[in-house]
Amino acid sequence: MNLQAKIKRDINRHALMSCEDLDYQLASIDFKALSRYDDDDSEAAYTVENGVATIDVRGLLVPETSSDYRSWGVTGYANLADYIQQANDDYTVTSIVLDIDSVGGYVKGQHLVDEAIADNTKPIQTFVSGNAYSAAYRIAVMTDRIVAAQFAGIGSIGTIVKHTEQVSRLKQIGITVTNIRSGKWKAVFGDDEPLTDEQLAEIQSGVNANAQEFFEHVASYRGLSADTIASLEGRCFDATRAKELGLIDEIADSVSISSQATQSNNNPEEYDLNELEKAQAKIKQLEDQALSDKAASDQKIADAKAEAQAAKDALAKTQASTRQAAIDKLAADTGRTFTDEQTNAFKAMDEAQFAVVAAVMQPTSKDTVVTLPDGLDKAQATNGREGGESKILAAVEAAKAQGAK
């Protein structure tokens, strides 16, 4: 049986379809060319450029074809799954693009492509050069990214079954068909008798169940809810609207995909290169982390030093203010005016030295004996020097020489 006859038979048997405008798609298939097809004319499963394998997905999607019929408007799921596997195993291929122009097709056989994409280890994206409707869109959502041309068509998410009734035509030519059944569901849904409400409900139940699986499939890959997908009611959209709805990722004239090498089971050299690159990347990461940690440690040290300096500056400011107040009080107590040189000398003294000067310079009578503050002796007043006069004694002598006012 040729392909055309098989498709017509399946439609008459109410095969579930995920397809937009099935009649138009069937009319677009060049079955005459298929009948003259020679296996020697078979086209390549994919083309490779700069490591990117492009696999065309064209026309009606059917479970399988005996040869590659994509140029005539038919793509087999089994064939497509095989092309994806070939590209994945090809060491010259680093990434894959599915170039889709299809209105969809059969529900049967879709799992073959699902499995091939799931098992693929290389980056895989979709470029919708024409249309990605129904089953074709179902394939697209499984890839890493969907890019569509500006005038591409997206959507028709749902399922359809066709039933053709020919009772009236048979009557016109004088044919009456009577089906004698052992059970009410035996050989029903034929075109030689009208569908009952119960039979129609049975078909509708199967359509609904498959459509729900389709909605959930799309929702899981596009980050949407199944109810949102169902609410689209099988409508078709242009690329702009499809992007707004979250059905595609980008609108562009072509898809840009990385050609960076990925691990291939059939290419040990490529595998070793990837392992080296991973190791080098790990080293770089550790080095960057070490530099980052050192920078953080250096910053903490700098911050601590800054805090210490700020505290030191604050203490010095407080001490200077306290010393200036003490000098002012000493001037007031003694009724003297100190020169800048004396004031600076006072400021340079430590607390013990200044205490000696303040005690010595207090007003006294002839009979008063000047005593050092408690706990101080001459050695402390002279900073422990055995010979020579200290700055303290020099300041005292200078103050005495000035005389009381």
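A: First, a term: buried means under 20% relative accessible area, exposed over 50%, partly exposed in between (1.4 Å probe, protein chains only). Phenylalanine 338 is buried, at a relative accessible area of 12%.

Q: What kind of model is it?
A: It is a predicted model, where local features need pLDDT of at least 70, side-chain atom pairs count only at pLDDT 80 or more, and totals for chains, interfaces and linings use all residues. Residues are numbered from 1 along each chain as its sequence is written, and side-chain values use heavy atoms, without hydrogens and water.

Q: How many aromatic pairs does the structure hold?
A: It holds 2. Rings of Phe, Tyr and Trp (its six-membered ring) pair if their centres lie within 6.5 Å; planes under 30 degrees apart are stacked, over 60 edge-to-face, the rest tilted.

Q: How do phenylalanine 338 and phenylalanine 346 pair?
A: Edge-to-face, with 4.9 Å centre to centre and 85 degrees between the planes.

Q: And why is the pair of phenylalanine 346 and phenylalanine 354 edge-to-face?
A: The planes of phenylalanine 346 and phenylalanine 354 are at 80 degrees and the centres 5.8 Å apart, so the pair is edge-to-face.

Q: Is phenylalanine 346 buried or exposed?
A: Buried, at 1% relative accessibility. Phenylalanine 354 is buried too.

Q: Switching topic: where is threonine 343 found?
A: In helix α12, residues 340–348. Helices (H or I, at least four residues) and strands (E, at least two) are DSSP runs, numbered from the N terminus.

Q: What is threonine 343 in contact with?
A: Leaving aside neighbours within four places in sequence, threonine 343 contacts Gln324, Ile327 and Phe338. Contact means heavy atoms within 4.5 Å. Threonine 343 is buried, with a relative accessible area of 14%.
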